[in-house]
Amino acid sequence: MEYKRKNVWLNIDDEQKNELEEISKDYINFLNTAKTERLAAKEIIRRAEEKGFVDINEKIASKSLKPGDKVYALNKNKGVALFVIGSEDMENGMAIVGAHTDSPRLDLKPVPLSEDSNLAYFKTHYYGGVKKYQWTTIPLELHGVIYTKDGEKLEISIGDKDDEPVFTISELLIHLSRKLMDKSAREVIEGEQLKILVGSIPLKDESDNPVKKNILRILNEKYGIIEEDFITAEFEAIPAIKARNAGLDSSMIIGHGHDDRVCSYSALNAILSVENPKKTLVGLFVDKEEIGSTGATGMGSHFFENTVLELLNINDKANIISLKRTLANSKVLSADVTAAYDPNFKDVSELDNSAQFGCGVALTKYTGSGGKGGSNDANAEYLQEVRAAFDKEDVIYQTGELGAVDAGGGGTIAFILAEYNMDVVDCGTPVVSMHAPTELISKADLYSTCKAYKAFYENIWQGWLN
Ligand code: MN
Ligand code: MN
């Protein structure tokens, strides 16, 4: 009669434990490869192609799309949509799991290189919600795209291989921090202080910016680039810290970007394991969630809608009523992480309604802040359908409110898909230390998330309520 969370570890057998460890190992590899939204798009497509997915442009060119076909669409090298075409008419709706691949980080400014007191720096502008003081004194690596003046595109990574140098941002020694320690956490490190140290050797016989000039010399020798090339470049600095097992019992995974690559991985894992569905299945991997889902590669863009219309058009169904029905009849898991209860910070959570480590994927009816503000707030009918889909496969899941009432809050891509009148609910892995340079998840919750998304794809369309 009483509701009690189930602990995944206590409710799986040895075979499932082996499966859990295999998934965890594969996820760690994914996290160490898909380090940025661009690298994630590449890795998602690489894995999809291995399972028989083909570029949508091939399908458009051959004007052929049939049940069982697997299709991917790449959006400007940063977002991906995967489709497994169902045997039923798409107008009856699709089963969509939507995750994001961008994570909080530091982006280089368009004129990044500067020099002060014989030290050269890359200036940054942070991306997404970060506690700025957490990004100092840790090793950083750089990933990006830069064009030479004559248009050659270079994809550059520095610091992710063991024989490459890493970067860092300096912090004040405690001995001289008497004044600093009295500042609020918001002001301890200010945005303009997030300057990445890139060098300290001056160029000989140079009086003006000799260290900066030496860095430019190195960049030019190595990559053939000049300072002006940075104006059109995109570089991201992320922690140079590999994802790995955590805890004496190795029950957890520490790594950068679990938000939201753990849900991205789980959605990918699920959609790659289902063949010949009745309804069309969709795996969405979008960019820009951390800054409000804006931009052409964010969920707010028309990319997804346009792609669905292209698919309908292959079978001469590209009319507005077919498109609207296809979208409005769809059911969605908005696959994003939620806050796991942290006993270190009890007062910001309410235990009964918080996701707890090891108790499975969290189903989050509503997010938002200050009275559910901006939240999708899923309805009871749809929640019951999701519950039935999970129960059918014995998925261990739990509820997870994003913090106590009035403690703060956050959002996901849920509200954007709901604008099409789709049924949408947030459902993702609980995370500790969210948005910190390294975040923590439970392997049990990763395992449960993969199971939940697969159960959703296979069972959400059983018509449980009819
Ligand atoms: Mn997220
Ligand atoms: Mn986030």
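Here, buried means under 20% relative accessible area, exposed means over 50%, and partly exposed covers what falls in between. Everything below comes from a predicted model.

View 1. The structure holds 7 aromatic pairs. One of them joins Phe 390 and Tyr 397, with 5.4 Å centre to centre and 65 degrees between the planes, so the geometry is edge-to-face. How accessible is Phe 390, buried or exposed? Its relative accessibility is 0%, so Phe 390 counts as buried.

**View 2. Three rings, one cluster.** Zoom in on Tyr 27 and Phe 30, and you'll find Tyr 265 with them: the three residues form one aromatic cluster.

**View 3. Two lysines over two aromatic rings.** Lys 195 puts its charged end over the ring of Tyr 121, at 4.4 Å from the ring centre. Lys 279 does something along those lines with Trp 461, lying over its face with 4.4 Å to the ring centre.

**View 4. The manganese ion (ligand 2) and its donors.** Which residues hold on to this ion? The coordinating atoms come from Asp 259 (OD), Glu 290 (OE), Glu 290 (OE) and His 435 (NE2), at 2.1 to 2.5 Å. Read along the chain, the donors of the manganese ion (ligand 2) are spaced as D-x30-E-x144-H. Two of these residues, Asp 259 and Glu 290, link distant parts of the chain, 31 residues apart. Asp 259 belongs to helix α6 (residues 258-271), while Glu 290 sits in the loop between β13 (280-286) and α7 (303-314). Asp 259 counts as buried because its relative accessible area is 3%, and Glu 290 is buried too, at 12%.

**View 5. Asp 259 as a bridge.** What does Asp 259 bridge? It connects the manganese ion (ligand 2) with the manganese ion (ligand 1), and the two ions lie 3.4 Å apart.

**View 6. A leucine patch on the surface.** Over on the surface, Leu 172, Leu 173 and Leu 176 make up a nonpolar patch, with about 280 Å² of accessible area together. Leu 172 is found in the loop between β8 (153-158) and α4 (185-188). With a relative accessible area of 41%, Leu 172 is partly exposed.

Conventions:
Residues are numbered from 1 along each chain as its sequence is written. Chains are lettered from A and ligands numbered from 1 in the order in which they are written. This is a predicted model: local features need pLDDT of at least 70, side-chain atom pairs count only at pLDDT 80 or more; totals for chains, interfaces and linings use all residues. Side-chain values use heavy atoms; hydrogens and water are left out. Rings of Phe, Tyr and Trp (its six-membered ring) pair if their centres lie within 6.5 Å; planes under 30 degrees apart count as stacked, over 60 as edge-to-face and the rest as tilted. Buried means under 20% relative accessible area, exposed over 50%, partly exposed in between (1.4 Å probe, protein chains only). A charge sits over a ring if NZ of Lys or CZ of Arg is within 6 Å of the ring centre and within 35 degrees of the ring normal. Donors are N, O and S atoms within 2.8 Å of the metal (3.2 Å for Na, K and Ca); water is not among the atoms, so sites may look incomplete. Helices (H or I, at least four residues) and strands (E, at least two) are DSSP runs, numbered from the N terminus. Patches are made of residues with over 30% relative accessible area and no salt bridge: like charges are joined within 9 Å, nonpolar side chains (Val, Leu, Ile, Met, Phe, Trp, Tyr) within 5 Å. Accessible areas come from the Shrake-Rupley method with a 1.4 Å probe; for residues, only the protein chains shown count as cover. A salt bridge is a side-chain nitrogen of Lys or Arg within 4 Å of a carboxyl oxygen of Asp or Glu.
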